[in-house]
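Hello,

Here is the structure I promised to pass on. Please look it over, then read my notes below.

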Amino acid sequence: MTQPAKGPGTREDDRTLGGYLDVHSRPPAFEAVDGQPYTVSIETERTGDLKAPVAGYLVFPRWAETGLGIVGHVESPLQWWGSTRGAVLDAARAVTLNDVQRMLNEAVVARAEREGRSG
């Protein structure tokens, strides 16, 4: 029996967001710079731009430290644009987990800065 291919760009490569979702059948978990646990989901929205009518971004649900529920979230800015939802999802799924971690930390820092200015 032939084993499925492993490595960059294959279904078995869990170093990308899409690869991780495919291999593990669940979203990856991260600890952000605030020390809190997060997972990630890919979201899309309509843009109104005829050339790129769909945009995508990441939402990072923050979990209670016990893991028994979501207690908040942060979002990345819009990251990907495309002509279809599928194209945007494909682009998001190709992002490395290192880049997802960076986007999470940037979103956490941006939230802290906003809260610091408003408080």
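**What I found**

D13 lies in the segment before α1. Helices (H or I, at least four residues) and strands (E, at least two) are DSSP runs, numbered from the N terminus. D13 is buried, with a relative accessible area of 7%. Here buried means under 20% relative accessible area, exposed over 50%, and partly exposed in between (1.4 Å probe, protein chains only). The D13 side chain makes a polar contact with the side chain of R15, at 2.9 Å. A polar contact is a pair of N or O atoms within 3.5 Å; within protein, one must be able to donate a hydrogen and the other to accept it, and residues adjacent in sequence count only if both atoms are side-chain atoms.

Two notes on the source. This is a predicted model: local features need pLDDT of at least 70, side-chain atom pairs count only at pLDDT 80 or more, and totals for chains, interfaces and linings use all residues. Residues are numbered from 1 along each chain as its sequence is written, and side-chain values use heavy atoms, with hydrogens and water left out.

**Overall layout**

The protein chain has three helices and six strands. Along the sequence, the pattern is α-β-β-β-β-β-β-α-α. Of its 119 residues, 36% count as buried.

**α1 and S25**

Helix α1 covers residues 17-24, and L17, G18, G19 and Y20 are buried in it. S25 follows α1, in the loop between α1 and β1 (29-31). S25 is not a glycine, yet its phi is positive, about 55°. Most residues other than glycine have a negative phi. At 66% relative accessibility, S25 counts as exposed.

**The core**

The largest nonpolar core has 22 residues. Such a core is a set of buried Ala, Val, Leu, Ile, Met, Phe, Trp, Tyr and Cys residues joined through side-chain atoms within 4.5 Å. L58, F60, V100 and L104 have the most contacts inside it. α1, β4 (54-63), α2 (85-93) and α3 (97-118) each supply at least two core residues. α3 gives the most, with six.

Take L58. Leaving aside neighbours within four places in sequence, its contacts (heavy atoms within 4.5 Å) include L17, V40, W80, V100 and M103.

**α2**

Which residues of α2 are buried? They are V88, L89 and A92. They cover an arc of only 100° around the axis, so they sit on the same side of α2. That arc is taken from the directions from the helix axis to the C-beta atoms. The buried residues of α2 pack against α1, β3 (41-46), β4 and β6 (80-82).

Best wishes
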